[in-house]
Structure formats: structure tokens, C-alpha cells
Amino acid sequence: MPAPAPSPLASFLSDTALIFGRYARQTLRSRLQMLFGVLMPLLYLLFFGPLLTDLPLSSAGSSWQLLVPGLLLQLGLFGAAFCGFGIIVEKQYGVVERMRVTPVSRLAMLLGRVLRDAALFVFQSVLLVLAALAMGLRAPLPGILIGFAFVAVLTAALASLSYALALKVTTPQEFGPVINAVTMPSMLLSGLMLPMTLGPDWLDVLSHFMPFRYLVDAVRSAYVGSYASSAMLYGVLVAGALAAASMALCTRAFRRGAA
């Protein structure tokens, strides 16, 4: 008697694990990518952090508890936003087209990549936090773990959007300027480096239309041990909505490309 066919869920999980393993092995072979991706936030930590040590930036927490959450999300923002470059290279070599004609689930194709990206940036976040602890950061362990969770969700959301854009363009010259035009205003208006409440009222109001602000406010609340605050609630809701919408958009882009 023939063996029973695997369930759709089992096939989906198997496909996701297969795609994740493929890209995880690529990443492990490129140790420079793993280590140098954290270089920019680390430089901010080393050269910008000491300037804030004695400044009264907030009544809740030290300057390190304000700066490090912003650097974690900066790592996710800039790192995940440029993930689409890999898709563009694969398109040029025909890898994407060959994968599309396989029976692998389109969602699994996306999720396997995104899980690899999330694992990579969480690893880099751990390195960043360890350096921050050596420089004077003091934060509760649950708050630090919550910060890693937000990095993973932000990576999943932005990497998905990056892949969706990469499927629409044909060259890196088209992709790069769009990403730069989005990431720089996002960093400045989200208060990643300093709280937006320190700026003029009009800038503070404008920043509330930037979803990343709610994420960084939530991580900063976690780093001072405030787990039941409104900032945490808004951060969780915005992060979940952003990740769900981004994954749905990118999955649709994969399916359209296969049509």
C-alpha cells in the first residue's frame, strides 16, 4: 500500500525549512556579512554613545537605555531594507525563475528567506547588546529579550517589503535609490537616535505618522522594565500589523510572478 501523502501543513513546513537551510548555509559561508553588518550601529555606540552619557535625555532610564533600543532597530531597518539585492542577483542568474516552476509554496519561498534574515539580525543584535553592556548599559533581561523580538519582527516586515520591491525592478540601480529615499527619513523621523520629544512640537507630531516610532518607543519601555505601558501596547500592535501586511504583499508578488 502506498505511503500516505504528507499533509499541506507538513509540506509547507518542509518547504520552509528547505529554503531556510539553503540561505542559512549561504550566510554561514560569508562570515564577513555576519560581522560587518553590525559595524555601523557599533560605531554609533562607540563614538556617539559617550556623548550622551551625562545628558538628561529622559526621566526614565539612562542614556544607554535610550540609545541602544534605537540602534537595535536601526540595525533591522537598514539591514532588512537592503535584503532585496539578493533577489535581484538571483533574477539575473535565473535562480528565481527555476524556483518558481517547482511545487514549493510561494509563502514558503518568502518565509524561508525571511527567517534567515531574522536569525542573522538577531545574532547581530546580540553582539551589539554585549558591546553595550561592556560600555555601561544596564537593562532587565526580559527587556533585552523583548528588544530582540522586535528586531525579528521588524526584519520580517522590512525584508518582505524589500523582496516585493526587488521583484518589481530589474537592476540594482533602480532598487538602491528607492531604499535610500525611504530608510533615511524613516530613521530621522522615528527617533532612533534621540527621542522625538526633544525636538519641536511639529516634528514630534509628524513622527507619529511613522510606524517605526512606536516600535522604538516600545523597546525603550522594555529596557526600563515598563512592560505594561501604552507604548508597549502600541508597539506590539503596529509591529504585528506591519509584519502581516508586508508578508501578504510579498507573497502576492511571488504568486503574480509565477502566473
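Author: A helix here is a DSSP run of H or I with at least four residues, numbered from the N terminus. In this predicted model, Ala241 sits in one of these, helix α12 (residues 230-258).

Reader: What makes Ala241 count as partly exposed?

Author: Its relative accessible area is 48%. Buried means under 20% and exposed means over 50%, with partly exposed in between, so Ala241 lands in that middle class. As for where Ala241 is, take Gly70: the two are 171 residues apart in sequence and 20 Å apart in space, C-alpha to C-alpha.

Reader: And Ser186, why is that one called buried?

Author: Ser186 has 4% relative accessibility. The cut-off for buried is under 20%, so buried is the word for Ser186. You'll find Ser186 in helix α9 (residues 172-189).

Reader: Which residues does Ser186 touch, leaving out those up to four places away in sequence?

Author: Leu77, Met210 and Phe212.

Reader: How do you know that the side chain of Ser186 has a polar atom by the backbone oxygen of Val182?

Author: From the distance: that polar atom and the backbone oxygen of Val182 lie 2.6 Å apart.

Reader: Which residues of α4 and α7 meet?

Author: On the α4 side, Trp64, Val68, Leu71, Leu72, Leu75, Gly79 and Ala80; on the α7 side, Phe121, Gln124, Ser125, Leu128, Val129, Ala132 and Met135. Sorted by class, this contact has 11 nonpolar residues, 3 polar ones and no charged ones.

Reader: What makes α7 and α8 oblique to each other?

Author: The angle again. α7 packs against helix α8 (residues 141-168) at about 140°, and the axes are 8 Å apart. Over 145 degrees would be roughly antiparallel and 65 to 115 roughly perpendicular, and the rest, once angles under 35 are set aside as roughly parallel, is oblique. So α7 and α8 are oblique. Here as well, the crossing is right-handed.

Reader: Which residues make that contact?

Author: From α7 they include Leu110, Arg113, Asp117, Phe121 and Val129, and from α8 they include Ile144, Phe148, Thr155 and Tyr163. By class, the contact of α7 with α8 has 14 nonpolar, 3 polar and 3 charged residues.

Definitions and conventions:
Residues are numbered from 1 along each chain as its sequence is written. This is a predicted model: local features need pLDDT of at least 70, side-chain atom pairs count only at pLDDT 80 or more; totals for chains, interfaces and linings use all residues. Side-chain values use heavy atoms; hydrogens and water are left out. Contact means heavy atoms within 4.5 Å. Helices (H or I, at least four residues) and strands (E, at least two) are DSSP runs, numbered from the N terminus. Ala, Val, Leu, Ile, Met, Phe, Trp, Tyr, Cys and Pro count as nonpolar, Asp, Glu, Lys and Arg as charged, and the others, Gly among them, as polar. Buried means under 20% relative accessible area, exposed over 50%, partly exposed in between (1.4 Å probe, protein chains only). A polar contact is a pair of N or O atoms within 3.5 Å; within protein, one must be able to donate a hydrogen and the other to accept it, and residues adjacent in sequence count only if both atoms are side-chain atoms. Axes are lines fitted to C-alpha atoms, for helices over the stretch in contact, and angles run from 0 to 180 degrees between N-to-C directions. A crossing is left-handed if the near helix is turned anticlockwise from the far one by less than a right angle, and right-handed if clockwise.
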